[in-house]
Amino acid sequence: QTAGCARSNSPVASTHLPLATISGRLLSVVGVLAADSMEGREFGTPGGARARAFIADRFAEIGLTPLAPAPGGVPAYVHPFEAPTGVLARLLGRTRQGANVVGFVRGTRRPDRVLVLTAHYDHVGRRGDTIYAGSDDNASGTAALLAVARALVAAPPEHSVLVVATDAEERGMHGARALLDAPPVPRAALALDVNLDMLSRSTSGELWAAGAARWPRLRAVLQGAAAEAPVRLRLGHDDPSRGRAQDWTTQSDHAVFHAAGIPFVYLGVEDHADHHKPGDVAARADTAFYVAAVRTALLVVRRVDARLEQVGR
């Protein structure tokens, strides 16, 4: 609906996200998370645990604040939960342990109001000897989460930001549900969720922002972001009248926030030929598009932060 082009003098789009640095970091993180050693990062598996440990180390390196020490020697960023792996497991009462990775950036003006930034790090694992690497879905969103978090630590936002790499999205958004069931900050403080899921390749060259049709007060801020974005940012994929396939409201972790009455912005691309297939590998990322998409994600977060009293819960 709205498209924009880059503006080199845009302070919000460029601050603390230099092109060369972010490109190298993004591709490095995606390469690690989509490596064969991670075995597709399936919820409740050793590969998922290895991915989680890597992300927690990056949280510490960036300087995110852990909110509370966890029991049993678990690193403070790691927030464990139990969840079933599917319908049969739920009926039989069987669960696996997963964990979200959670960090915090304190706001400078209204630290009591919290913007949540989410991206799921799990994927579908392996089938026999075939590894589903999940580079775009969602190593790309996880790497973007880290990049935006780094920028927020370098230049803190007006409102606090809860940075969450969620687990078990592919199994029913259990990580997001666990977060809202036992939030590490008062639940009433949670004002809005920005969710990053699939950002690194687009056959149309478009990044989509969903949420304004469901939460109309978001439209102006997203249109403003689109006017400055270094990628073609379109608003849509959130209209229930177009059918489930075209309405992404229930398609990722932001659905849990929406159901709880918390507004959301979902940034992602349309499905491509390798979605949930073995071909979703790091080598197929479109570096130029991806970097522009991540810079756009930061731009959206900054704009939402600046108007959180108007657009949040």
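Strand β7 (residues 190–196) is mostly covered, with seven of its seven residues buried; buried here means under 20% relative accessible area with a 1.4 Å probe and protein chains only, against over 50% for exposed and partly exposed in between. Strands are DSSP runs of E with at least two residues, helices are runs of H or I with at least four, and both are numbered from the N terminus. The model is predicted: local features need pLDDT of at least 70 and side-chain atom pairs pLDDT 80 or more, while totals for chains, interfaces and linings use all residues. Residues are numbered from 1 along each chain as its sequence is written, and side-chain values use heavy atoms, with hydrogens and water left out.

Strand β7 pairs with two strands, β3 and β10, where pairing requires that DSSP finds at least two bridges between the strands. Strand β3 (residues 110–120) runs parallel to β7 and is joined to it by five bridges; L117 has V194 as its bridge partner in β7. Strand β10 (residues 264–268) also runs parallel to β7, through four bridges, and there L267 is the bridge partner of L196.

L196 and L267 are also among the residues with the most contacts inside the largest nonpolar core, which has 76 residues. Such a core is a set of buried Ala, Val, Leu, Ile, Met, Phe, Trp, Tyr and Cys residues joined through side-chain atoms within 4.5 Å. Its largest share, 12 residues, comes from helix α9 (residues 287–306). Beyond its neighbours within four places in sequence, L267 is in contact (heavy atoms within 4.5 Å) with residues including L196, W208, L233, A297 and V300. A second, separate core has 17 residues, among them F104, A176, L180 and V185.

Next come the rings. Phe, Tyr and Trp rings (for Trp, the six-membered one) pair if their centres lie within 6.5 Å; planes under 30 degrees apart are stacked, over 60 edge-to-face, and the rest tilted. The count by this rule is three aromatic pairs. F43 and F81 are stacked, because their ring centres are 6.1 Å apart and their planes lie at 10 degrees. F43 is in the loop between α2 (19–33) and α3 (46–62) and F81 is in strand β1 (residues 78–83), so this pair ties together parts 38 residues apart in sequence. Both F43 and F81 are buried.

F59 and Y77 form an edge-to-face pair, because their centres are 5.7 Å apart and their planes lie at 80 degrees. F59 belongs to helix α3 and Y77 to the loop between α3 and β1, so the parts tied together are 18 residues apart in sequence. F59 and Y77 are both buried.
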